[in-house]
Amino acid sequence: MNQVLVVEDNQDIAHLVGMHLGDNDIGVDHASNGLTGLREACNKDYDLIILDLMLPGLEGKEVCRQLRAKNILTPILMLTAKTAEIDRVMGLEIGADDYMTKPFSILELVARVKAILRRAAQYQNVEPASSAHNFPTLDLEINTATRQVSIKGKSVELTAKEFDLLWHLARYPGQVFSRAQLLDSIWGYGHEGYEHTVNSHINRLRTKIESDPANPEIVRTVWGVGYKFADGGKTVRH
């Protein structure tokens, strides 16, 4: 059974989320403040953390930041009552994998949770234990076992979703993927209107792996269609 940690100070929301996830055979632990949530997330292995942005004790963004700093890569679905794009982008910037804005549909939340859990399980089973993929023409190496990426021999820190997105593209050099296809493949859902999630991740990924993010060589834009990994990015596996 998958186990989810819900860090939410609103007892009604926490109860509703827990009840519906439980009905779908997903175990749920609850923390009502950020400090408790951080402690639970550090001391127990969870398959997903549902994290409210505004929390007593320690804000959700700081909980997320500290977890990623500790290299705890558990997927994080962030809940926020704020509607400004800057707040949503901020959550993704510090390592959240996805977000939902309150008020939200409980059915959509359950669908998002299932999608995240499904994608996480699939990526765990994609590669055997020794998988370093070298792209010599791009000075890029992707290790799918350790989920580490290096550019010109220098390690690059990626969030879980940034890594998944890069590896998905790198597996098919030159193949163009639409935003909807990437949304479905990486996030596991294809709700119209969420394609900006892909755009945000692509932009942040480029700032980390491209020498000139404004003129990307690794992850390229095909205008009017989507994105692709460099055509000449042939992999040498070792």
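A: Gladly! Contact here means heavy atoms within 4.5 Å. The model is predicted, so local features need pLDDT of at least 70 and side-chain atom pairs pLDDT 80 or more, while totals for chains, interfaces and linings use all residues. Residues are numbered from 1 along each chain as its sequence is written, and side-chain values use heavy atoms, without hydrogens or water.

Let's look at α2, the helix that spans residues 34-43. Its buried residues (under 20% relative accessible area, 1.4 Å probe, protein chains only) are G34, G37, L38 and A41. These four lie on the same side of α2 because they cover an arc of only 100° around the axis, taken from the directions from the helix axis to the C-beta atoms. An α-helix has 3.6 residues a turn, so residues three or four places apart point the same way.

What do the buried residues of α2 pack against? Three strands are among their partners: β1 (3-7), β2 (27-31) and β3 (48-52). Helix α3 (60-69) also packs against the buried residues of α2.

Now for the setting of α2. The chain has 8 helices and 13 strands, taken as DSSP runs (H or I, at least four residues; E, at least two). Of its 238 residues, 48% are buried. Among contacts in the chain between residues at least 6 apart in sequence, 61% join residues at least 24 apart. The chain's accessible surface (Shrake-Rupley, 1.4 Å probe) is about 11,100 Å², and carbon and sulfur atoms account for 49% of it.

Definitions and conventions: Buried means under 20% relative accessible area, exposed over 50%, partly exposed in between (1.4 Å probe, protein chains only).
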